[in-house]
Amino acid sequence: MVKAKTAIYKIPVIPLKDVTVFPGMVIGIATTTRQAKLAAEAAYQKDKLILFLLNKTNISEPDTKDLFKTGTIGVIRQFLRTNGDVKLLVEGLYRTKVSGVSQKKPFIKVSAEKVRDLIKNEEEIIALRSNFTKKFRNLIDRGKTFPVEILISVLSTNDTNKLIDLIIPYMEAKTEEKQEILEEEDTEKRLEKSLKILDHNLSLLKLEEKLTSKTHEELNKMQKEVFLREQLKTIQKELGGREGSEFGELEEKIVKAGMPKDVENKAKKELARLKIIPSFSPEVGFIKTYLDWLVALPWSVKSKTEVDIKKAQKILDEDHYGLTKIKERVIEYLAVQKITGKVKGPILLFVGPPGTGKTSIGQSIAKATSRKFTRMSLGGIRDEAEIRGHRRTYVGALPGRIIQGIKNIGTRNPVFMLDEIDKVGLDFRGDPSAALLEALDPEQNFQFSDHYLEAPFDLSDCFFITTANILDTIPPALRDRMEVIPFPGYTEEEKFHIAKQFLIPKQLKINGLLQFNIKFKDDAISKMISEYTKEAGVRELERTIASVLRKLTRKISEGEKTLEFISYSKIKEFLGSAKYLPLVIGKKSLTGSSYALAVTPAGGEVLQVESAVVPGKGSLILTGQLGNVMKESAQASLTYVRSKLEKDKSLSFKNQDIHIHVPAGAVSKDGPSAGTAIAASLYSEVTSKPIRKDIAMTGEITLKGTVLRVGGIKEKVLAASRAGIKTVILPKENESDLEDIPLKTRHSLNIFLVSNMDEVLKAALT
């Protein structure tokens with residue numbers, strides 16, 4: 001039997017995505033695109049009929065070629081405008097097939113004709129329909145829900161195609177499968193395709209019943225949590241869920257990680273616990289993160305190391321100019337490692353001002369031994385957990401930064417540099433320096449305990465190097481485990497060679513000037529060092545060179561002629577007037593004025609000390625931002641001078657005030673180095689005997705005038721040489737430190753070694 005076809009002309013089209021409208025179906029549709037809104041408006045104003053076609057693409061306003069040719073004509077039952085969109089309530093009427101396109105803009109309008117229902121074999125259709133109805137009832141019996149009006153319509157219809165159109169929209173199926181049924185004209189084939197969808201829905205319901213029945217068997221014996229676990233197990237067993245594969249991967253990673261046996265057993269216990277915990281439990285994330293850390297650590301991964309002493313010496317010489325004693329100590333350290341095959345030994349502590357090459361020496365050691373290099377800054381750390389990690393009981397807990405560094409570098413034997421160990425703090429959250437003891441001590445670190453891991457990690461293969469600017473703030477117990485290697489700073493000659501060989505080529509490359517063959521004249525480099533920088537290291541020098549080259553790059557980019565040589569005059573043009581002027585030594589010797597040698601974080605420094613005796617009540621006045629140690633030196637100097645001059649009644653201090661001043665009052669000064677200079681200045685002022693203008697001194701004194709040993713002799717002598725001082729007075733006990741002073745500097749100075757203040761005064765007073 002063939003039903004007559006009826007033509008419908010010029011009907012507006014609304015494209016739909018992910019939904020197929022069937023005849024008899026009542027559905028709400030929101031139109032958000034301009035194309036769909038205009039089509040809805042046109043249909044509602046005319047006869048309220050509109051055609052719904054499925055969109056094949058993700059295009060919001062598709063062309064006719066992007067749409068399926070078969071769709072459903074519906075009638076608009078309700079039309080509502082809200083917030084610029086149009087909402088429709090439509091009822092599907094009958095299936096149609098597009099026969100032509102009459103309009104594409106501003107909305108699609110087509111000619112369409114009703115789809116024919118072809119019935120070739122009525123007996124076959126009756127049998128298929130009976131099967132279809134039986135499965136539909138089975139679905140209802142198993143709990144599949146349908147709207148009441150649909151059930152009434154299904155029971156009251158004898159039309160096979162209408163029966164399909166009523167039921168299929170409510171089945172679980174892909175949109176494309178439903179579209180195939182909508183397009184199919186042969187009723188027998190429509191039934192066959194529909195039966196497949198019903199079978200699929202029945203299978204889903206049966207599986208759901210099976211899962212429910214399995215968990216209900218244990219329901220009376222278990223609490224709610226156990227029921228959820230069993231249901232999760234059943235789902236994994238029936239469907240092979242994602243969690244199962246994740247557990248398998250984790251187990252495989254644990255086996256391959258090469259952990260010690262006790263750590264591996266701990267990891268497997270945690271994995272077993274993870275398997276039985278419900279997936280929605282917050283603890284799942286904590287355990288997974290913990291296991292990820294365990295499997296990611298290089299428990300048995302080592303870099304292949306090679307200690308070639310000649311190669312190491314060559315690398316150190318290529319990377320660093322000067323630092324002869326430091327290189328020698330590093331080579332000795334590596335030689336012991338080569339012979340013993342172990343890292344065990346004192347931890348190296350590089351101490352010196354910023355920019356003196358401490359970190360870069362560590363990188364060169366890594367390069368020379370074929371180890372990986374990792375660095376961790378300890379500056380400002382006040383929480384012990386930063387070193388040992390947080391307990392897993394805390395939200396957001398993580399291992400300490402040492403374990404994090406080992407994980408990130410991917411090997412258990414790197415060169416591990418701990419920078420700024422002198423800047424570790426201490427507060428109510430614990431003492432980080434105490435935690436560092438275990439990490440650095442060769443007798444303990446083979447079983448370093450991190451709070452987060454809760455398992456010992458072997459750090460004995462790590463080559464630890466620490467750096468500091470000063471020793472005073474490092475706790476004695478921690479300092480005891482390290483061998484101090486001082487980085488005193490560079491002489492001007494060393495800075496000159498470093499600039500010429502390393503800094504200038506590096507900055508030429510950074511600023512894109514290598515191609516221009518630019519060179520600095522020697523006097524320009526020397527003036528940059530002496531007039532534009534004041535430091536023990538070379539960082540400020542490198543920044544100064546970079547500043548000059550940036551200005552030169554700008555001039556070249558503006559079309560100016562390239563300079564072949566950069567002279568001192570060009571330096572002044574680019575950088576302006578000199579920042580630092582050398583100490584101006586007076587033309588004649590003065591009473592009450594001496595020069596002291598001291599050490600600052602920037603290296604050696606020459607300080608002027610002035611004394612004055614004025615009428616008063618016998619008070620001691622100290623000015624110039626002096627610290628406690630320098631104040632004590634001044635008190636001791638005054639007592640020494642009084643005791644020395646007590647027999648001379650004309651030199652009474654009863655009605656006189658003593659004023660001791662160290663210029664540059666905005667700068668804090670402290671340390672035991674200025675005792676001899678203060679005493680000499682005070683004695684000179686009281687006795688009116690001038691002190692030689694070209695002499696500087698260092699040393700601490702006792703009340704009896706004994707001159708005691710002080711530190712930083714090399715830095716102090718270099719500072720005196722830079723300032724144009726001709727004679728230096730040093731404590732006799734520091735005689736061995738003269739070997740550290742460059743030979744050229746030593747020969748250019750007159751050095752007096754003294755053991756008491758009498759010798760100082762004899763050498764200093766004119």
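Biologist: Is tryptophan 299 buried or exposed?

Modeller: This is a predicted model, so every value is computed from it. Buried means under 20% relative accessible area, and tryptophan 299 has 6%, so it counts as buried.

Biologist: And how should I read the ring pair that tryptophan 299 forms with phenylalanine 457?

Modeller: A pair of aromatic rings is described by the distance of the centres and the angle of the planes. Here the centres of tryptophan 299 and phenylalanine 457 are 5.0 Å apart and the planes make 55 degrees, which is a tilted pair. The two residues are 158 apart in the chain: tryptophan 299 is in the loop between helix 10 and helix 11 (309–319), while phenylalanine 457 belongs to strand 11 (residues 455–457). Phenylalanine 457 is buried as well, at 1% relative accessibility.

Biologist: How many aromatic pairs are there by this rule?

Modeller: The count is 8. One of them joins phenylalanine 146 and tyrosine 170, edge-to-face, with 6.0 Å between centres and 70 degrees between planes. Phenylalanine 146 lies in the loop between helix 2 (122–141) and helix 3 (148–156), and tyrosine 170 in the loop between helix 4 (160–167) and helix 5. Phenylalanine 146 is buried at 11%, whereas tyrosine 170 is partly exposed at 28%. Together with Phe136, Phe146 and Tyr170 make up one aromatic cluster.

Biologist: On to the nonpolar cores. How many residues does the largest one have?

Modeller: In soluble globular proteins, nonpolar side chains tend to be buried together. In this model the largest nonpolar core has 51 residues, and Ile421 and Leu436 have the most contacts inside it. Helix 10 (residues 283–296) supplies its largest share, 7 residues. A second, separate core has 47 residues, among them Phe350 and Phe574. Back at isoleucine 421, contacts beyond four places in sequence include Leu349, Leu436 and Met482.

Note on methods:
Residues numbered from 1 in each chain as written. Predicted model: local features only at pLDDT ≥ 70, side-chain atom pairs only at ≥ 80, totals over all residues. Heavy atoms only, no water. Core = buried A, V, L, I, M, F, W, Y, C linked by side-chain atoms within 4.5 Å. Buried < 20%, exposed > 50% of the residue type's maximum accessible area, 1.4 Å probe, protein only. Helix = DSSP H or I, 4+ residues; strand = E, 2+ residues; numbered from the N terminus. Contact = heavy atoms within 4.5 Å. Phe/Tyr/Trp six-rings, centres within 6.5 Å; stacked < 30°, edge-to-face > 60°.
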